[in-house]
Amino acid sequence: MKVTYIGHATLLIEIGTVRLLTDPNFDRKLGGFLPRVSPPGLAIDQLPRLDALLLTHAHADHLSFDSLDILPRDIPLYAPPVIAKWLRRRGYQHAEDLAPGGSVRIGRVDVHAALATHRGNRYGFDRWRGDANMYLLDDGEETCFFAGDTALTPDTHHLVHGTLGPGRRQLDVALLPIGYAPWWKRTGFRRGHLTHDDALTLFERLGGRVFVPYHWGTFHHITARAHDAINRLIERLEAHHLRAAVRILEPGETLELTREATRVGDHPKRRAADRAFGGVAATNIDPHGGTESRPSQ
Ligand SMILES: [Zn+2]
Ligand SMILES: [Zn+2]
């Protein structure tokens, strides 16, 4: 499996030959005025051929119409049903329903959906489009959980445990958002988002092998700078028991996981996650390398 952090909640996930892009946002500004502080790790025309787009909710940082307008339309765009219906009405005929509790198969990958704890409407008046999904990807061997935006609740980990538990399988990759809010805003923030500490708690409950944080380093927000959350996570990890399982990818970096015992050297500081996988490497992606990296249409 390969996971490339493009920025914010946009990740390219490659499982076997299946390539999925999450919450695509390549905008230069968020909402037209909040500046992007780092360019997308891959430009849209550097993306490989995709098999589907996965959309979690309608917030502008996750749903960019400008990005959807440039991305291919001959592949399905899965979203919560109310969002998919709204998108189809706006002319995005490739939008397809993926309801919480449901799943869809893309190539060999099953995508399971569950309801996230997050009100995803764009404004105040449009609660009808507030649904938010999270997704678990599973090709029978490798698994990846993408949380979209969510709060930490007693059942946030149920999608993963309910799906993988019967087979006693361990989650491979947990992609979890991290955010920061000043103290006066934090209680409300945590009703719909994860702080860096919440994300670590959720990762522990998920029992995953590797945690890749996203939702940082891309846009400044009104009450948080783009690196507030990641700086706090890095600080926390200095003395945290899960430190070895956390992989921080800068935009453009790729995490590559292989199950086969690959030679990655026997450096004593090799992380626990490496051992779990036989080999884990984070590399800068070369968009021009390989025969499969070609502009999508
Ligand atoms: Zn959101
Ligand atoms: Zn968000």
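Please look just past the end of helix 2, where Gly-91 has a positive phi of about 100°. Keep in mind that this is a predicted model.

Now helix 2 itself, which covers residues 81–89. Which of its residues are buried? They are Ile-83, Ala-84 and Leu-87. Looking down the helix axis, these buried residues fall within an arc of 100°, so they line one face of helix 2. What do they pack against? The partners are strand 7, residues 77–79, and strand 8, residues 95–97.

Next, the chain overall. There are seven helices and 16 strands. The chain has 297 residues, and 42% of them count as buried. Turning to contacts, take those with a separation of 6 or more: 67% of them are between residues 24 or more positions apart.

The last stop is Val-3, in strand 1, which runs over residues 2–7. Is Val-3 buried or exposed? Val-3 has 26 other C-beta atoms within 10 Å, and 20 or more is the cut-off, so Val-3 is buried. Who are its contacts, once neighbours within four places in sequence are left aside? Val-3 touches Leu-11 and Ile-13, then Val-173 and Leu-175, and also Val-212, Thr-254 and Leu-255. For one of these, Ile-13, there is a distance to quote: its C-alpha atom and that of Val-3 are separated by 4.7 Å, with the two residues ten apart along the chain.

That is where I will stop.

Note on methods:
Residues are numbered from 1 along each chain as its sequence is written. Chains are lettered from A and ligands numbered from 1 in the order in which they are written. This is a predicted model: local features need pLDDT of at least 70, side-chain atom pairs count only at pLDDT 80 or more; totals for chains, interfaces and linings use all residues. A residue is buried if 20 or more other C-beta atoms lie within 10 Å of its own, exposed if 12 or fewer, and partly exposed in between; C-beta atoms are placed from the backbone. Helices (H or I, at least four residues) and strands (E, at least two) are DSSP runs, numbered from the N terminus. The arc is that of the directions from the helix axis to the C-beta atoms. Two residues are in contact if their C-beta atoms, placed from the backbone, lie within 7 Å.
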